[in-house]
Number of protein chains: 2
Amino acid sequence: MVTLRDVARETGTSYATVSRALNGKSRVSPVTQKRVLEVARRLGYRPNHAGRVLQSGKTNTIGLILPCYGDPHHNEVAQTIQEEAWQRQHELMTVSFEMDPNRERTCLANMLQRKCDGVIAYLARLTPVEELIRRFWEQRLPCVVLGLPHDVHDTPVDGIGLDLVAGIEQVIEHLVGLGHRRIAMVVDRIASSGSIRDRVLLFRAGLRRAGMQDCSRNILFQPSTGDTVQDGYKSADRLLREYPDVTAVIAMDDRMAAGMIRRLYELGRKVPDDISIVGTDDMWIARTLVPSLTTIQFSPEKIGKTAIEIFFDRLDRKTWEQPKRIVLPTTLVVRESTGPAKSG
Amino acid sequence: MVTLRDVARETGTSYATVSRALNGKSRVSPVTQKRVLEVARRLGYRPNHAGRVLQSGKTNTIGLILPCYGDPHHNEVAQTIQEEAWQRQHELMTVSFEMDPNRERTCLANMLQRKCDGVIAYLARLTPVEELIRRFWEQRLPCVVLGLPHDVHDTPVDGIGLDLVAGIEQVIEHLVGLGHRRIAMVVDRIASSGSIRDRVLLFRAGLRRAGMQDCSRNILFQPSTGDTVQDGYKSADRLLREYPDVTAVIAMDDRMAAGMIRRLYELGRKVPDDISIVGTDDMWIARTLVPSLTTIQFSPEKIGKTAIEIFFDRLDRKTWEQPKRIVLPTTLVVRESTGPAKSG
DNA sequence: ACAGCAAGTGTAAACGTTTACGCATCCGTT
DNA sequence: AACGGATGCGTAAACGTTTACACTTGCTGT
């Protein structure tokens, strides 16, 4: 491994000068600088990250914590964040806890060891990691939680929520307008995102508000196999068996909807003629499926950009008085998978 | 920030003892250890990663470099790698260069600063980063390249390739057996994976071997929008216009195939009745689409596990004589998107 | 009773950087 | 001619760890 000292020896200067020449923050004579740069390149010098971090306290790295690789919506958010981070000369490093609460804790704890300057995270649930979250705040480390569930108004943490109230309201309105009266929601038992629990609650509230009874029975909990599509596939069978009179379904996300549509197709049920399906997240697949999916859209760009904004605001030590909470709007995108309720 | 010294002061010992107590590698009296652990917990001590790395030279982290978040196949591989890494007490940190050759270089260069113990990487092309790759080898840092293109037999690097020769052979055989004589391949102009170029070459060779003429015209290069599905969507229009007599298409990957199928559906063309489509990668979407996709399957588990195996083999300084190259088999999964060629 | 050994702990050095401080040197001004 | 300031660079300290080494105990075996 080539160090500053090696470069210094070869150049005939002190290693302080080499450091200065390479960083360009302090004054060095042009002649020396040129020589240093040349020697450094020739020797293949790379600054040691650990040494640099230890000294400067800055990693120039943002940690992104995801519940799983493979959620297209999260990936799109990651992409935006990556883009913004890159523009501000920061690196993005992503870790996934694969829906394992254990690993979720570990990931957060790891980040507290100063592996990065702060964190942006989708978390499954907040309460089990609240203590860790508090640490971030106390140590003045930026921590932005995405898809913030409603049950954590007291934890001191920045977050970006989604206006699910409005979103679900719109869906129900849309479906009711199409004549649907018996609507169900299909959900993974191990929810990938913290907001799933909220979705269930809000769905119930929405149904009640729309004047439908028997709301509590309208949630189909599908045991999770770890493969959301598969869960959707299986839930279609259960739906037909256990909720035979339902005419419209809201799926936890678009992957689940995709699995359901596939199974319904195999079983000879037509979407939306026999049953209407609404997805969530507006993943790329929603536009592509046949039929294309009616879905609740959250703008990944907006989420990513807002997250980065809050992050760098904190990083620049602006203020640490109050947690920032931003709620982003949702849009219902109507496509082919919803239609008039089957009469009868 | 709480350091070893803080804990030592509070415990009334030296910081060396604290370190020993916490790591448990050296002998400490049970009494002291217990007290140290308790104080450490009370103060909320977290070992500083940079300090630890600087001293020990070990990061216990594997770097995973991907061309983009959002490729489902890569994500599945990432998942397996994550799993294996976790079992061996290593963390996985993922970075994506979003198909930007510039960032690709930067990512690799960053990893050379010892941010992690080594790297597993999908690279777009090897030649532009060959110099960096060589550095890994020289510094005895594990570097496993996935989806290894065929043109880099001389670079000293470990790699896992896929038996595309056999894969494409099988596809052509399958299609020819169904009576197809005019087959095209559709490809992104900016290929996401290094092996795309190979796929094109091997496809041509395969056609030639199968006795078809005019092979050179059978590749449709679709300018990339960065959204592979969109590219597939657009390429369907071009295909019908520019290659009207083609009866079967091999798509660069399943997302592209999905886009094509969607567009063909909108244009009233039936798959596979009017045109057969073959995908690549066997992403989750392949099983879910209507019609489900005939596709070339690479086992993500196998790729991930093999990569990890090679990685840790290197890490334990076994041998550094020769690059390891492993070629994994491919399987053709026949589903609904291919059928008999339309006669006439 | 004393050598020898093991267990437990403290001291100090190292890992590779950045940067405050201080010392030369050089130039321009009086 | 002498002085002041700017410029360039070397010295040293610091960041938080781990660990080799040495030192004190207390114990065993002769």
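How much area is buried between chain A and chain B, and what share of it do carbon and sulfur atoms give? In this predicted model, the two chains bury about 5100 Å² between them, and carbon and sulfur atoms give 57% of that area. On the chain A side, A:R46, A:Y69 and A:W284 lose the most area to chain B, together 14% of what that side buries.

Let's look at who takes part. Chain A brings 54 residues to the contact, and chain B brings 54 residues as well. Between the chains there are six salt bridges. One of them joins A:E83 to B:R103, with the closest N and O atoms 2.5 Å apart. Among the elements of chain A that each supply at least two residues to this side are α5 (72-87), β2 (91-96) and α11 (254-266). The helix α6(A) gives the most, with eight residues. By type, the side of chain A that touches chain B has 24 nonpolar, 17 polar and 13 charged residues.

Now for the DNA. Around DNA strand C there are 28 residues, and those that come nearest are A:S19, A:Y45, A:Q55, B:T17 and B:T32. They belong to a surface of 10 nonpolar, 12 polar and six charged residues, and α2(A) supplies the largest share of that surface, five residues.

| Residue | Part of the residue | Distance |
|---|---|---|
| A:Y45 | side-chain N or O atom | 2.6 Å |
| A:N48 | backbone N or O atom | 3.1 Å |
| A:N23 | polar side-chain atom | 3.3 Å |

Technical notes
Residues numbered from 1 in each chain as written. Chains lettered and ligands numbered in written order. Predicted model: local features only at pLDDT ≥ 70, side-chain atom pairs only at ≥ 80, totals over all residues. Heavy atoms only, no water. Near = heavy atom within 4 Å. Polar contact = N/O pair within 3.5 Å; in protein donor to acceptor, adjacent residues only side chain to side chain. Helix = DSSP H or I, 4+ residues; strand = E, 2+ residues; numbered from the N terminus. Nonpolar A, V, L, I, M, F, W, Y, C, P; charged D, E, K, R; others polar. Contact = heavy atoms within 4.5 Å. Buried area = accessible area lost by both parts, 1.4 Å probe. Salt bridge = Lys/Arg side-chain N within 4 Å of Asp/Glu carboxyl O.
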